[in-house]
Amino acid sequence: MDFETYKKESSRTASGEFHREVVSDFLLENTLVDVIRIGSILDQVKKGLFYGKPLCGDEIKTEGSQTHLDPSRIDTNLLHAVIGVLTESVEILEALQGAMQGNPLDRVNLMEELGDIEWYMAMAYRSIGTTPGNVREINIAKLKARYPEKFTEEHAINRDLIQERYVLENSGGKE
């Protein structure tokens, strides 16, 4: 699926609401602070794992109990891609946090971070042997199953995960 079609189709299932009365400004701010802090640690882990950069900072624990993680069980390019998407997303969150505090939103920086996310997404697509168009097609099929007419809060909260999985497994988007 081409990107223009995807933009149009995906807008049908986007929420147009912002429920500020449900989440306090305090909770939002503290959550963003925590995510940004964890994102900073994750960025150091990424740079250590994939670029060989030594870790620094008191909040990074380098020793601990035995773990059952074995990165050799997966394609580490996919791990690199996913961590990269997360760390670049945190950089966007930092920009949004600054704008909510009154700083100007730096559109050039946002485009740079989105470009970095696209780069990591390309790495992920290569790793699992798919294409952006195929992923878009499958995603829209799932969203049409979830929201038959358009986005509703009811459908967003009460999802039929069995039906969605069936659609995901059988839509088989082809480019």
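The model is predicted, so local features need pLDDT of at least 70 and side-chain atom pairs count only at pLDDT 80 or more, while totals for chains, interfaces and linings use all residues. Residues are numbered from 1 along each chain as its sequence is written, and side-chain values use heavy atoms, with hydrogens and water left out.

Start with the salt bridges. The term means a side-chain nitrogen of Lys or Arg within 4 Å of a carboxyl oxygen of Asp or Glu. The count is nine. One of them joins the side chains of Glu4 and Lys7, at 3.5 Å from N to O. Both residues sit in helix α1 (residues 3–11), three residues apart, which means about one helical turn separates them. Helices here are DSSP runs (H or I, at least four residues), numbered from the N terminus. Glu4 is exposed, with a relative accessible area of 51%. Lys7 is partly exposed at 40%. The cut-offs are under 20% relative accessible area for buried, over 50% for exposed, and partly exposed in between (1.4 Å probe, protein chains only).

Glu9 is partly exposed at 21%. Lys144 is also partly exposed, at 42%.

Another salt bridge links the side chains of Arg73 and Asp70 (3.8 Å, N to O). Arg73 is exposed at 64%, whereas Asp70 is partly exposed at 35%. Asp43, Lys46 and Lys47 form a network of salt bridges.

Now the nonpolar surface. Val22, Val23, Leu27, Leu28, Leu96, Met100 and Leu105 make a patch of about 610 Å². Helices α2 (25–51) and α3 (76–100) each give two or more residues to it. Such a patch takes residues with over 30% relative accessible area and no salt bridge, joining nonpolar side chains (Val, Leu, Ile, Met, Phe, Trp, Tyr) within 5 Å. Areas come from the Shrake-Rupley method with a 1.4 Å probe. Leu105 lies in the loop between α3 and α4. It is partly exposed at 45%.

Finish at Thr130, in the loop between α4 (107–128) and α5 (132–146). Thr130 is buried, at 18%. Its side chain makes a polar contact with the side chain of Asn134 at 2.8 Å. Beyond its neighbours within four places in sequence, Thr130 is in contact (heavy atoms within 4.5 Å) with Tyr125 and Val135. A polar contact is a pair of N or O atoms within 3.5 Å; within protein, one must be able to donate a hydrogen and the other to accept it, and residues adjacent in sequence count only if both atoms are side-chain atoms.

How values were computed: Patches are made of residues with over 30% relative accessible area and no salt bridge: like charges are joined within 9 Å, nonpolar side chains (Val, Leu, Ile, Met, Phe, Trp, Tyr) within 5 Å.
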